[in-house]
Amino acid sequence: MKRSTLLLPLFLAPVLSLAGCGGNSVSKTLGLASSSPDEFTVTTRAPLSVPPDLQNPELPAPTPGLARPQEAPLTQQAEDTLAPQLALNPAAAGPDSAGQEALVAQAGPAPPADIRAVVAAEAVKDEQAVTLTERLEFWQSKPMPGAVVNAPAEEARLQKDAALGQSPTTGETPVIDRSKSKFLGIF
């Protein structure tokens, strides 16, 4: 056997092991992974329009990278979709309809103008510095507030209530007991 064929696996093994460490980038580089477009960023473009007189000196010269004048920004497209009457005739919007007024009334009072500053100040007050002693004393993380429902027991209870023809609200919902763990009987 030739010496070059014996050395080929020795040179190929490190290359393949390094390629395996690269993740998706190596497979994309080699063309082994497919890349599909992001479905949330795909938009439709307005068709190109050709002016009737191409030699008209009043036409502006094309500027590369400039936004197309017939395409509206995405925020404007969303507003036009939500309120088409404003898109067709913004001057004739007129007063709010009874449905719009009812929606605004159900939303409650308007927030104060400085609400963001108030929330930020309260968050700073609530956030307390944790000292080294507190980190050593309270080394376990605090459990999440509320009760955790025992799903298998709750499913069995609901099936039993359904078999007996009772309402699902009868009986007590089983919860998981989060008693603190004992480590060496100390903590």
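1. Valine 119 sits in helix α6, residues 115-126 (helices are DSSP runs of H or I, at least four residues, numbered from the N terminus). With a relative accessible area of 47%, valine 119 is partly exposed (buried is under 20%, exposed over 50%, partly exposed in between; 1.4 Å probe, protein chains only). Ile115, Val118 and Val119 make a nonpolar surface patch of about 210 Å² (patch residues have over 30% relative accessible area and no salt bridge, with nonpolar side chains joined within 5 Å).

2. The model is predicted: local features need pLDDT of at least 70, side-chain atom pairs count only at pLDDT 80 or more, and totals for chains, interfaces and linings use all residues. Residues are numbered from 1 along each chain as its sequence is written, and side-chain values use heavy atoms, without hydrogens and water.

3. The structure holds 2 salt bridges (a side-chain nitrogen of Lys or Arg within 4 Å of a carboxyl oxygen of Asp or Glu). Arginine 157 pairs with glutamate 154 at 2.9 Å, N to O; both are buried. Arginine 157 also meets aspartate 161 at 3.0 Å, N to O. Shared partners join Glu154, Arg157 and Asp161 into one network.

4. Arginine 157 and glutamate 154 are 3 residues apart in helix α8, so about one helical turn separates them. Aspartate 161 is in helix α8 too, 4 residues from arginine 157.

5. Arginine 157 has a relative accessible area of 13% and is therefore buried. Beyond neighbours within four places in sequence, arginine 157 is in contact with Pro168, Thr170, Gly171, Glu172, Thr173 and Pro174 (heavy atoms within 4.5 Å).

Definitions and conventions
Patches are made of residues with over 30% relative accessible area and no salt bridge: like charges are joined within 9 Å, nonpolar side chains (Val, Leu, Ile, Met, Phe, Trp, Tyr) within 5 Å. Accessible areas come from the Shrake-Rupley method with a 1.4 Å probe; for residues, only the protein chains shown count as cover. Helices (H or I, at least four residues) and strands (E, at least two) are DSSP runs, numbered from the N terminus.
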